[in-house]
Amino acid sequence: MAEVSMNDEKREKPSYWESPENIRQEIEAAEKERDKRISKLSNMIRLFEGPGRSEVTDDAFLPYNFYYEWMSLVRPQIAFQNPRVRVRSKKPDSNALQAKALEYYLNRWLRDTHYIRTIERATTHMAFGHGVTMTVLDEYAKGDYDDLVTRPRKIVIDPSQFGMDSLARSWEESRIFFHKCVCDKHELLERAEEEEGWDKEAIKKMSTGSNLREIGRPETSLDRGEVCYWEVWIPDDSPEDSKENGTLLCIGNYATSDGQKAMFLREPRPYYGPRWGPYTIWDAYYVPRSPWPMGPFQAMDGMVRALNAQARVNLRRARGRKDLMLFDESDTKDAEKILNAPDGAGIGISQFEGSKFEKVQIGGVNEDELTYERWLDGLLKRGSGLSDAELGNTGGGASATADAIAARGSAARLSFLEQKVYDAVQRDLKTVAYFAWREESVVQPLGQEFQRELVNMGVPAELAYAIPLEWKGGEKGSFDELEMEIEPYSMRRTDEGSEQAKTLQFFQLMTNVAQLIPSTPWMDWNKMLNMLGERFYMPELGETVDLDLAAQVGAMMMQQQQPMAAQPRPMQSGPRMSGDLPKPSSTTPGSGLSRLPKPSELGTTGGGLPGQNAGAKVGAAARGMA
């Protein structure tokens, strides 16, 4: 959608998206639909915190805090550390070097911005429903330089501040995306003085302190002079590599006698970002006919409530359990002796009769109620995939086969969520890569690692190490010619033992392969090494072997073997024809037949296998030359 002007009087029929009142109605419909999906969000967060952080009544207390168990066990397995990014070019002849430089920039950006914190917050929101991140360009001082440069920055948006098309059936086909902003009114007026397109009179009409409770803030009587407004992105069908991809709108409300009215706080302007927009949605499960995804906690909420309701009943009954002793009132002194006696003491009672004393239990939990609680617990574990092994219980199931089947089912659930997170991270970082590729103000040193990479790519060392290299955005060709992916398993937690085993396996594999390469030059080792690298998730595996040098070594080995093969063999002293054989003796049948030499005689008789004493000959020749 091209940039439009609010004062354009030439148009007889303005576009639907050019009316602020239409945008307000779209926002209200989207927020109403969103609030239905996250109506239990505040309650689930309160139960996740537990009585240690929030005021939780006995009726809401969770003996089984499923939210904490899932967050402490599953979420770290989904994403534990920063990912590693690979960038490849579809046209390596034209921009392979720029693609490799962008790869180093992204991996350095991940470390500098502590991107794992963004992943942690976004995946936490995803568990409760859905997560949303937004990419903006942020200015910062570049080292010792006086000028300011920019770099992409990630903002995690609260689910109650984000909205999209209420009529869409998936978030990909949404025709409007927006998020609610909160800022001081005087700061917004100062911004309107510095930037073009703002309507200062419209900002002055806005009332402070309104619509702040809707974004999940605690209720308070404080008035900081803050105002709420909406930043809206309306996508369009822009061609690939288009600089303008959709339209940005800024909508605010002002109070009238007829209620709230919408107004443009800023003139509509084109969005100079990727065609997929500034937002990244972190979704776990797709729900048909709804743009809003569903989180694991939403799917398991019914089971969590049922299990904890029964657990609370059993807890109350266990607390009400009493052990009582009934006795004859005529023997009060003897009863007091029994009640006040320490454990294990002997008590003497005159004329003791067992019928005068009886122990009675009142209350407590019966076996049927405990069985029902365990059954509900099994339902929750089966539905969520939290097996006993993952919870730290070492006890096995009915059989080893049953345990193996349960482990595969749990791994499948975990792998699915892990893949969803990988997809979201890839979409999120693709936006970062777009701004780094396009914006000239994005500057970042690449370090010595990239200089060594240039040498490996064939750049002369004196040129690669001549000056410090840095990434600088700008026009470098088509962004759609690049391919970006996250290295598999790069976000998983790796322990020292597994890393050592992986390194040892790699070393043993490569030392065995390296011995075969010079002697089998007819095989396509480049293709085979690339295939091994893909299977072992080591894309640099093929770069560890210099195939040209291996071919030279193989040729030298062949040249050394040819003179040795051309040397004349010594005359054998044994018989050559049947006529040369001695006649058999009459006393020893078969004594005239030649026999094979013994192993101990091979070095002395001159017979044996070809090349048996080749090493001795080569050594003698070397000593003769010396």
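Which residues of strand E14 (residues 482–486) form the covered face, and which the uncovered one?

Author: The model is predicted, so local features are given only at pLDDT of at least 70 and side-chain atom pairs only at pLDDT 80 or more, while totals for chains, interfaces and linings use all residues. Residues are numbered from 1 along each chain as its sequence is written, and side-chain values use heavy atoms, without hydrogens or water.

In strand E14, Leu482, Met484 and Ile486 make up the covered face, and Glu483 and Glu485 the uncovered one. Buried means under 20% relative accessible area, exposed over 50%, and partly exposed in between, with a 1.4 Å probe and protein chains only. Helices (H or I, at least four residues) and strands (E, at least two) are DSSP runs, numbered from the N terminus. In a regular strand the side chains alternate between the two faces of the sheet.

E14 has an antiparallel partner in strand E1 (residues 85–89), with 5 bridges between them. Two strands pair if DSSP finds at least two bridges between them. Glutamate 483 of E14 is the bridge partner of arginine 88.

Next comes the open sheet. Its 5 strands follow the order E4-E5-E6-E7-E8, with antiparallel pairing. Strand E4 (162–164) and strand E8 (259–270) are the edges; each has a single partner strand, so one side of each has no neighbour in the sheet. On average, neighbouring strands are turned by 30° against each other, direction ignored. For such values, axes are lines fitted to C-alpha atoms (for helices over the stretch in contact), and angles run from 0 to 180 degrees between N-to-C directions.

E4 pairs with strand E5 (residues 177–184) over 3 bridges in the antiparallel sense, and phenylalanine 162 has histidine 179 of E5 as its bridge partner. Helix H1 (residues 20–37) packs on this sheet, touching E4, E5, strand E6 (226–234), strand E7 (247–256) and E8, and its direction makes about 105° with that of E8. Contact here means heavy atoms within 4.5 Å. Helix H7 (residues 185–194) also packs on the sheet; it touches E5, E6 and E8, and its direction makes about 105° with that of E5.

E5 itself is mostly covered, with 6 of its 8 residues buried. E5 and E6 run antiparallel and are joined by 8 bridges; valine 182 stands opposite cysteine 228 in E6.

That leaves the cysteines. A disulfide is a pair of cysteine sulfur atoms within 2.5 Å, and by this rule the model has 0 disulfides. Cysteine 181 is in no disulfide, and its nearest cysteine sulfur, that of cysteine 250, is 7.1 Å away. At that distance, the sulfur of cysteine 250 is too far from the one in cysteine 181 for a bond. Cysteine 181 is buried at a relative accessible area of 13%, and cysteine 250 is buried at 1% relative accessibility.
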